[in-house]
Amino acid sequence: MTTVRILINNENIIPDSLIEVKGNNFDYLIKVMRLKINDNILIFNGCDGEFLAKIININKKSCLIRIIQKTQDQEEVPSIILAFAPVKNVRIDFIAAKATEIGVGKFQPIITNHSIVDKINEKRFRANIKEACEQCERTFVPELLPIIKLDKYLNNIENNKNLILCDESIRNNSANQILSQIKFTKNKENIIFIGPEGGFSKKEFEIFYKIQNLHKISLGNNILRADTAIISALTLINQFVNQEKL
């Protein structure tokens with residue numbers, strides 16, 4: 001049986017310490033997974049790595065676990081920021097989960113001229129991030145930044161970042177060739193821009209083209225849905241980002 005894995009909010013995890021688990025994590029462990037005293041679980045907090053722990057006591061609303069040993073070191077923070085225009089309904093859950101699995105350091109929701117959605121359910125979005133981290137064995141938890149208007153965000157971007165604009169208006173440019181010319185370094189953040197289903201406006205493109213370190217790529221001949229474009233872009237760009245770490 002696969003060991004259950006949960007994200008906890010404790011600021012510090014060290015071997016042989018005791019941690020009280022309550023709330024949703026307690027309900028999941030005891031009421032959903034039906035774990036008992038002496039059962040083992042895996043825990044992580046997003047900053048100290050992953051640890052094996054044992055349930056040593058169960059109460060009505062909480063359980064007590066003892067940290068046994070470290071099982072995985074803390075991974076590096078992914079250098080990718082996903083700047084995306086939120087979309088409707090369940091697809092936002094898909095974005096949160098799949099982008100976390102592929103490897104995103106920060107989510108930056110943006111409001112564009114063609115945006116239909118101008119807000120997101122942050123609690124639900126973070127819940128999907130949490131679940132994805134637990135399932136895909138990540139030890140880093142991506143950060144969800146406050147939603148912001150695109151023009152304001154672009155006006156405050158520092159020049160020491162790589163900006164990658166996924167532009168549906170161009171066709172057949174070699175994304176691999178363009179990405180291979182970008183200097184991806186360990187300490188340099190890379191911002192990927194994905195527009196809404198109506199695309200970026202002409203005025204927004206004009207603002208983009210005035211920015212330093214902007215690289216335009218095509219994701220193919222077809223017009224992709226926003227959520228599909230996000231997964232396609234992340235998968236492609238992560239290959240080049242990860243190559244620089246080797």
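**Labels and their grounds**

Mentor: Let us start with Ser-79, which is placed in the loop between β5 (62–72) and β6 (80–84); helices (H or I, at least four residues) and strands (E, at least two) are DSSP runs, numbered from the N terminus. This is a predicted model, in which local features need pLDDT of at least 70 and side-chain atom pairs count only at pLDDT 80 or more, while totals for chains, interfaces and linings use all residues. Residues are numbered from 1 along each chain as its sequence is written, and side-chain values use heavy atoms, with hydrogens and water left out.

Trainee: Why does Ser-79 count as buried?

Mentor: Its relative accessibility is 10%, and buried means under 20% relative accessible area, exposed over 50% and partly exposed in between (1.4 Å probe, protein chains only), so Ser-79 counts as buried. Leaving out residues up to four places away in sequence, Ser-79 touches Lys-188, Glu-189, Asn-190 and Val-241, where a contact is heavy atoms within 4.5 Å.

Trainee: And why does Gln-181 count as exposed?

Mentor: Gln-181, in the loop between α5 (175–180) and β11 (190–194), has a relative accessibility of 61%, so it counts as exposed. In sequence Gln-181 and His-215 are 34 residues apart, yet from C-alpha to C-alpha they are 9.8 Å apart in space.

Trainee: Why is Leu-154 called buried?

Mentor: The relative accessible area of Leu-154, a residue of helix α4, is 7%, and therefore Leu-154 is buried. Setting aside residues up to four places away in sequence, Leu-154 touches Phe-193, Ile-207, Phe-208 and Ile-211. Of these, Ile-207 is 53 residues away in sequence and 7.9 Å away in space, C-alpha to C-alpha.

Trainee: Why can one say that the buried residues of α6 line one face of the helix?

Mentor: The buried residues of α6 (residues 202–209) are Glu-204, Phe-205 and Phe-208. Seen down the axis of α6, they fall within an arc of 100° (taken from the directions from the helix axis to the C-beta atoms), so they line one face. On the other side of α6, Lys-202 and Lys-203 are exposed, while the cover over its buried residues includes α4 (150–155), β10, β11 and β12 (214–217).

Trainee: Which residues are buried in α1, and why do they line one face?

Mentor: In α1 (residues 23–32) they are Asn-25, Phe-26, Leu-29 and Ile-30, and they line one face because, down the axis of α1, they fall within an arc of 100°. Asn-24 and Val-32, on the other side of α1, are exposed. What covers the buried residues of α1 includes β1 (4–7), β2 (18–22), β3 (40–44), β4 (50–58), β5 and α3. Just after α1, Arg-34 takes a positive phi of about 60°.

Trainee: What makes a group of residues a nonpolar core, and which members of the largest one touch the most other members?

Mentor: A nonpolar core is a set of buried Ala, Val, Leu, Ile, Met, Phe, Trp, Tyr and Cys residues joined through side-chain atoms within 4.5 Å. The largest here has 36 residues, of which Leu-82 and Phe-107 touch the most other members. Its largest share, 10 residues, comes from α7. Beyond its neighbours within four places in sequence, Leu-82 has contacts that include Ile-95, Ala-99, Phe-107, Ile-192 and Leu-234. Apart from this core lies another, of 18 residues, including Ile-6, Ile-8, Phe-26 and Ala-53.
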